[in-house]
Amino acid sequence: MSVAVFTDSTAYLPEGFATRHGIHEVPLHVTVDGESGLDGKDIGPSELAAALAERRTVTTSRPTPAEFATAYREALATGATSIVSIHLSRELSGTWDAARLAALEVGSDRVRVVDSRSTAMGLGFAVLAAAKAATQSATPAEIEAVATHTATHTRTFFCLETLEHLRRGGRITPTAALLGTALAVKPLLHVENGRILPLEKVRTTSRAVSRLVDLATEAAGQGPVEVAVHHLGSPQRAAELAGRLDERIPGCDGCVISEVGAVVGAHTGPGVLGVVVLPRQPV
């Protein structure tokens, strides 16, 4: 039995990971001032950061069911006997629903669609765990269970440079954004119940980064743990954050670093830093 593992472009796997682990990615769509492209292919993080810095209008949309169905059929025609397709939270996007509709068309007995209830490496760690299980001849049901278990145990935290992009995306009111700017508030967010929600507000960037380290350290505990650092347009700050996490978290044997794309970046803006923590627990 050969099980193909699918995900979407919001897993933000580090470069080369998808190819190395045999993971199929279906990208979301990104539109910048009316010009459309594919997330991570036509419009990468650097193009996204530049567009946001220039205050251009950036929107995103899900892949179509037809795009998923085409990708599923190609995998099945080239050797896969079944598919497990794992995606960002349905609370954040219609991507899961598009995949579900495609599965019904292709055959729900051959395609399982999983809502990770997360995004970024909260999704990515689940996909990597599923891909590993697939190489060990796990059944589709077992691979789905591994993905769900892994995603459930991740903790994801973000800190933002500004509230402006949340305001422009309708996530907060203009008055709240103005107040936050005036007070130099740096919001901390986390993923909870499939949604990106406010967690804390601090007054300086340095304090926000310190709180990220504290929150990640607390979530990691004392045992073995996997840690990912995300950023948009801030590679040096991401490397510094990864170094601090390596020092503070005893069970961490090195953070992976990857840049976010349009789906998260359009609402957070350049300068965002994120940490995803996955304590290693047996399934």
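Guide: In this predicted model, pLDDT stays under 50 over residues 173–179. For that stretch the model has six contacts beyond four places in sequence. The protein as a whole averages a pLDDT of 90, and 91% of the residues score at least 70.

Visitor: Over how many bridges do strand 1 and strand 2 pair?

Guide: Strand 1 (residues 3–8) pairs with strand 2 over four bridges, in the parallel sense. Within this part of the sheet, T7 stands opposite E25 of strand 2.

Visitor: At what angle do the axes of helix 5 and helix 6 cross?

Guide: For a helix pair, one reads the angle, then the handedness, then the residues in contact. The axes of helix 5 (residues 121–135) and helix 6 (residues 140–152) cross at roughly 150° and come within 8 Å. Helix 5 is therefore roughly antiparallel to helix 6, since angles over 145 degrees count as such. The crossing is right-handed. Helix 5 contributes G122, F125, A126, A129, A130, A133 and A134 to the contact, and helix 6 contributes I143, V146, A147, T150 and A151. By class, this contact has ten nonpolar, two polar and no charged residues.

Visitor: How does one read helix 9 and helix 10, and at what angle do they pack?

Guide: The steps may be repeated for this pair. Helix 9 (residues 205–220) and helix 10 (residues 235–248) pack at about 40°, their axes 10 Å apart. That angle makes helix 9 oblique to helix 10. The crossing of these two helices is right-handed.

Visitor: Which residues make the contact of helix 9 and helix 10?

Guide: From helix 9 come T205, V209, S210, L212, V213, D214, A216 and T217. Helix 10 supplies R237, L241, R244, L245 and R248. By class, the contact of helix 9 with helix 10 has six nonpolar, three polar and four charged residues.

Methods. Residues numbered from 1 in each chain as written. Predicted model: local features only at pLDDT ≥ 70, side-chain atom pairs only at ≥ 80, totals over all residues. Heavy atoms only, no water. Axes fitted to C-alpha atoms, helices over the stretch in contact; angles between N-to-C directions. Parallel < 35°, antiparallel > 145°, perpendicular 65-115°, else oblique. Left-handed = near helix turned anticlockwise from the far one by under 90°. Contact = heavy atoms within 4.5 Å. Nonpolar A, V, L, I, M, F, W, Y, C, P; charged D, E, K, R; others polar. pLDDT = per-residue confidence, 0-100. Pairing = 2+ DSSP bridges.
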